[in-house]
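Open the model in your viewer and keep the sequence panel beside it. The stops below run from the whole chain to single residues.

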Amino acid sequence: EKDMTRPVYIIGHKNPDTDSICSALAYAYLKNTLEGGGYIAARAGQLNQETQYVLNFFQAEAPVYVADVMTQVKDIEIRKTPGVSGKISLKRAWEMMKEQNVVTLPVTDKENNLEGLIITGDIATSYMDVYDNSILSRAKTQYQNIVDTLDGTMLCGNEHAYFMKGKVVVGSANPETMEQFLEDDDLVIMGNRYDAQICALESNASCIVIAGSPQVPKTIVKMAEEKHCVLITTDYDTYTAARLINQSMPISYFMTREHLITFNSDDYIDEIREVMASKRHRDFPILDKDGCYLGMI
């Protein structure tokens, strides 16, 4: 079934004579009469004097001029990979890539403007090359991301707030030792040890993750509320929680923002083919004339 939103141009040969012009007009008229529209008479060159005389005599409008029939980006199938927020976690981005069978996700703002791209290599780098225990706060990680990544439960605190300051510490030592390395605003991952939890709270931790399917005493929850400390529980053990927590960081911290290779929907396929061939195994964002994200090729 014909797509009525995209016209079909009926064109004669180049350097058209009267036969070419009149045939395009007649055939377009016939097709529109039979099928209810969607066909446009066109020409691939300029009118000669004879043809112009014929059109004037019969008071017919000249076919529209079509400079070329080269394929444009908008003429091919664009994969409608939806844009994602830069706030989503690395773990969520990885899951979306697997679900959609893609290696690139476009990151867009609320107005659908392209902000950057996150690729599988960025996620691998974040997992393999990050050894800094302060990166979670530098990346401004939302507590909701931490809860989701650890399949956890927030007992107190604002899930929409961000871990903005401090380092990530595993509180496996006794309280006396912990006091020596705990600082204000740290995020502490620990087990269900009451005295260690008290120590972390008294050290002004900004967030405590209690691992190992714990039952947290009400006194700990109340103290955390009073100290404005986020309290999260997870069924994962301490090791697994510590290993997974970096995956809660937002993709905005790792995505590529500069020198993005994008194409416009009006670009010609022949002109972009060489660029695409030089960047193998890549997906490229397509933008409309206003710079808004449309999809990927």
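Helices (H or I, at least four residues) and strands (E, at least two) are DSSP runs, numbered from the N terminus. The model is predicted, so local features need pLDDT of at least 70 and side-chain atom pairs count only at pLDDT 80 or more, while totals for chains, interfaces and linings use all residues. Residues are numbered from 1 along each chain as its sequence is written, and side-chain values use heavy atoms, with hydrogens and water left out.

**Whole chain**

Start with the cartoon of the protein, which has 11 helices and 15 strands. Its radius of gyration is 31 Å, well over the 19 Å that the globule rule gives for 297 residues, so the protein is more spread out than a compact globule. That radius is taken over C-alpha atoms, and the rule is 2.2 Å times the number of residues to the power 0.38.

Now colour by burial. Buried means under 20% relative accessible area, exposed over 50%, and partly exposed in between (1.4 Å probe, protein chains only). Of the 297 residues, 42% are buried.

Then colour by charge, with Lys and Arg as positive and Asp and Glu as negative, and His and the chain ends not counted. There are 28 positive and 42 negative side chains, and the centres of the two sets lie 1 Å apart. Each charge is placed at NZ of Lys, CZ of Arg, CG of Asp or CD of Glu.

**The largest nonpolar core**

A nonpolar core is a set of buried Ala, Val, Leu, Ile, Met, Phe, Trp, Tyr and Cys residues joined through side-chain atoms within 4.5 Å. Select Leu105, Ile118, Leu136, Ile146, Leu187, Ile232 and Ile251; of the 36 residues in the largest core, these touch the most other members. Elements giving two or more residues to this core include helix H3 (90-100), strand E4 (104-108), helix H6 (143-149) and strand E12 (230-234). Which element gives the most? H3 does, with four residues. Apart from this core lies another, of 22 residues, among them Val169, Ala173, Met178 and Ile208.

Centre on Ile118 and show its contacts (heavy atoms within 4.5 Å). Leaving aside neighbours within four places in sequence, Ile118 is in contact with Met97, Val103, Thr104, Leu105, Val107, Ile123, Ile251, Phe254 and Met255.

**Helix H3 and its end**

Show the side chains of Leu90, Lys91, Ala93, Met96 and Met97, the buried residues of H3. They pack against E4, strand E5, helix H4 (120-128) and H6.

Next, move to Asn101, which follows H3 and has a positive phi, near 55°. Asn101 lies in the loop between H3 and E4. Its relative accessible area is 72%, so Asn101 is exposed. Most residues other than glycine have a negative phi.

For another such case, select Asn15, not a glycine, with a positive phi of about 50°. Asn15 sits in the loop between strand E1 (8-11) and helix H1 (18-35). Is Asn15 buried or exposed? It counts as exposed because its relative accessibility is 69%.

**Last stop: Glu111**

Select Glu111, in the loop between E4 and strand E5 (114-119). Its relative accessibility is 56%, so Glu111 counts as exposed.
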